[in-house]
Each structure stands twice: as C-alpha cells, then as structure tokens.
Amino acid sequence: MASHSLQQNAVNDAPLSEKAQDDTRQRLIRAAVSVFGSQGFEGASTRCIAALAGTNISSIAYHFGGKENLYLAAADSIAQEIGKMADEVEASLADERERIRDGTLPPAAAVALLQRLWGEWLEDLLLNKKHEHEWTWFLIREQLNPTEAFDRIYDASFVRFHNLLAELIGCIQQRPAQSLAVRLQAVLFFGKMLSFERERATVTRYLGWEALDETAQDIIRAAVNEEVARLLA
C-alpha cells in the first residue's frame, strides 16, 4: 500500500517537474530576447541572461545546448508572436480572405479594407498597446545584419504581412500581387506602418505633439485614409 502511494506521488510530481522546466525555458527565452536585443549576440553574456531569468547558467546548456541555440530559440519565439498577430489580422478578414488572395475583391472594397486594417493597427499601437513587446531591438539588429534567425522570423511571419498588403494593393490597382511594382508598394506601406512604432519620438517631435494620443491618431488616420485612396489612381 505504501509502495503504491509512493508511486502515485511520483506520477503526480512528474507534470509539476515538466511544468517547472518549461517555465525555466520560457524565462530564459524572454531574458535572451531582451539581452540579445540590447547587447547583440557577441556582446550578450549567458551569465547575464541566466541571472535575468532567475536561474543558473547551466540551465542554458541543459535546455538549449549553448548560446547559439538560445539565440535561435529567441528568434523562433518572436516569429511565433508575430505569427499570432498575422493570424488575428487574417481572421478579421473572414470571408474576404479568399477574394483578396485570388484578386477578385473590388478595388473600392479593398481600399476600405486596407484603411480599416491600418486604422486598427494604429489604434492597437497608439492607444490599446495590445501588442507591446521587447523584441524591437532584436529585429533591428537582424535587419542590419541578418543571420539564420532573420530567416526564421521572416519565413514564419513577416512575409505574411507583406503578402497580404501586396494582395490588397493588387486588388485596388487590378494588377498581379506578385508584380514588382505592387510588391514594392507593399514594402513601402509596411515601412510606413512600422514608423509610428520605431520612430515615435521623431514623429511626435517633428509634428509638434507631446504624445501620439487619440487626437493625434484621428489626424494620422485621416492622412492614412487619403493616401490609401490615392492607390486607386
């Protein structure tokens, strides 16, 4: 009876052990995103990452095998987060997604949809701050000096946003989404969307605003809607 009780306790304890290990792994990844982002791969110290994660340095070798694999795990985590954002956007398109993909959505409807998506992006970014994150510097470093980590992030997430923009612009202009002209416009639009996040200080100072508040958002939204509408020309 005592033996059975001990075995049962061991079974009950096993999931807790796995949960604790997963928690340590996730804390290491979050710490890695922060430290790699601020200090770069070469400058980042595994000791610093372990300390920020509240664990010992041997945990990195145990869970990832070393610094390089931890860096890639951090990239995979970022790709997964951005991928979830892409899922949310695509889910919000509902039945229109197929018409966008095959280029049959009417131009005026595509304009209205692109205006709505951009407006929602601004609202999340400037007011709700739904997608606040710590990986901006990680991404900037990978943009400037791409590694295998960039490949993972791009293939799993960024390309989806670019493809959606290209497909919408293609519907608006009645041109193939894969044409160079449309893809270039998608790149330009994507950069403009990101500028309100990564260049917030410059935007507010240049426009003479103290913050990108609700009033600023209304002004930006009107300017964005006007620019999107010009795609019809």
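**Salt bridges, core and loops**

Guide: Let's begin with a salt bridge in this predicted model: arginine 160 pairs with glutamate 90, and their closest N and O atoms are 3.6 Å apart.

Visitor: Which helices do arginine 160 and glutamate 90 lie in?
Guide: Arginine 160 is in helix α8 (residues 148-173) and glutamate 90 is in helix α4, so the pair ties together parts that are 70 residues apart in sequence.

Visitor: And how accessible is arginine 160?
Guide: Arginine 160 is partly exposed, at 22% relative accessible area.

Visitor: Which residues are linked with Arg160 in a network of salt bridges?
Guide: Arg160 and Glu90 belong to a network that also takes in Asp87, Arg97 and Glu167.

Visitor: How many salt bridges does a search of the whole structure find?
Guide: The search finds 12. Among them is the one between glutamate 120 and arginine 116, at 3.3 Å from N to O. Another joins the side chains of glutamate 226 and arginine 230, with an N to O distance of 3.4 Å.

Visitor: Let's stay with glutamate 120 and arginine 116. How many residues apart are they in helix α6?
Guide: They are 4 residues apart in helix α6 (residues 107-128), which means about one helical turn separates them. Glutamate 120 is partly exposed at 34% relative accessibility, and arginine 116 is partly exposed at 33%.

Visitor: What else is arginine 116 in contact with, leaving aside neighbours within four places in sequence?
Guide: Arginine 116 contacts Ser92 and Leu93. As for glutamate 98, which is 18 residues from arginine 116 along the chain, the two C-alpha atoms are separated by 18 Å.

Visitor: Switching topic: which residues touch the most other members of the largest nonpolar core?
Guide: That core has 66 residues, and the ones touching the most other members are Ile49, Phe138, Ile153 and Leu168.

Visitor: Which helix gives the most to this core?
Guide: Helix α4 (residues 67-93) does, with 12 residues.

Visitor: Take isoleucine 153, then. What does it touch, not counting residues up to four places away in sequence?
Guide: Isoleucine 153 touches Ala75, Ile78, Ala79, Ile82, Phe138, Leu139 and Phe158. Phe138 is itself one of the residues with the most contacts to other core members.

Visitor: I also see serine 157. Is serine 157 buried or exposed?
Guide: Serine 157 is buried, with 0% relative accessibility. This serine is found in helix α8, and beyond four places in sequence it touches Ala79, Ile82 and Gly83. Ala79 and Ile82 are also among the residues that isoleucine 153 touches.

Visitor: What about backbone angles? What is phi of alanine 94?
Guide: Phi of alanine 94 is near 50°, a positive value in a residue that isn't glycine. Most residues other than glycine have a negative phi. Alanine 94 sits in the loop between α4 and α5 (96-101), and at 52% relative accessibility it counts as exposed.

Visitor: And glutamine 174, where is its place?
Guide: Glutamine 174 is in the loop between α8 and α9. Its phi is positive as well, at about 55°, although glutamine 174 is not a glycine. This residue is exposed, with a relative accessible area of 56%.

Visitor: One last thing, confidence. What is the mean pLDDT of the chain?
Guide: The mean is 87, and 90% of the residues reach 70 or more.

Visitor: Where does pLDDT stay under 50?
Guide: Over residues 1-14, and for that stretch the model has 0 contacts beyond four places in sequence. Where pLDDT is low, the predicted coordinates should not be read in detail.

Technical notes: Residues are numbered from 1 along each chain as its sequence is written. This is a predicted model: local features need pLDDT of at least 70, side-chain atom pairs count only at pLDDT 80 or more; totals for chains, interfaces and linings use all residues. Side-chain values use heavy atoms; hydrogens and water are left out. pLDDT is the predictor's confidence in each residue, from 0 to 100. Contact means heavy atoms within 4.5 Å. A nonpolar core is a set of buried Ala, Val, Leu, Ile, Met, Phe, Trp, Tyr and Cys residues joined through side-chain atoms within 4.5 Å. Buried means under 20% relative accessible area, exposed over 50%, partly exposed in between (1.4 Å probe, protein chains only). Helices (H or I, at least four residues) and strands (E, at least two) are DSSP runs, numbered from the N terminus. A salt bridge is a side-chain nitrogen of Lys or Arg within 4 Å of a carboxyl oxygen of Asp or Glu.
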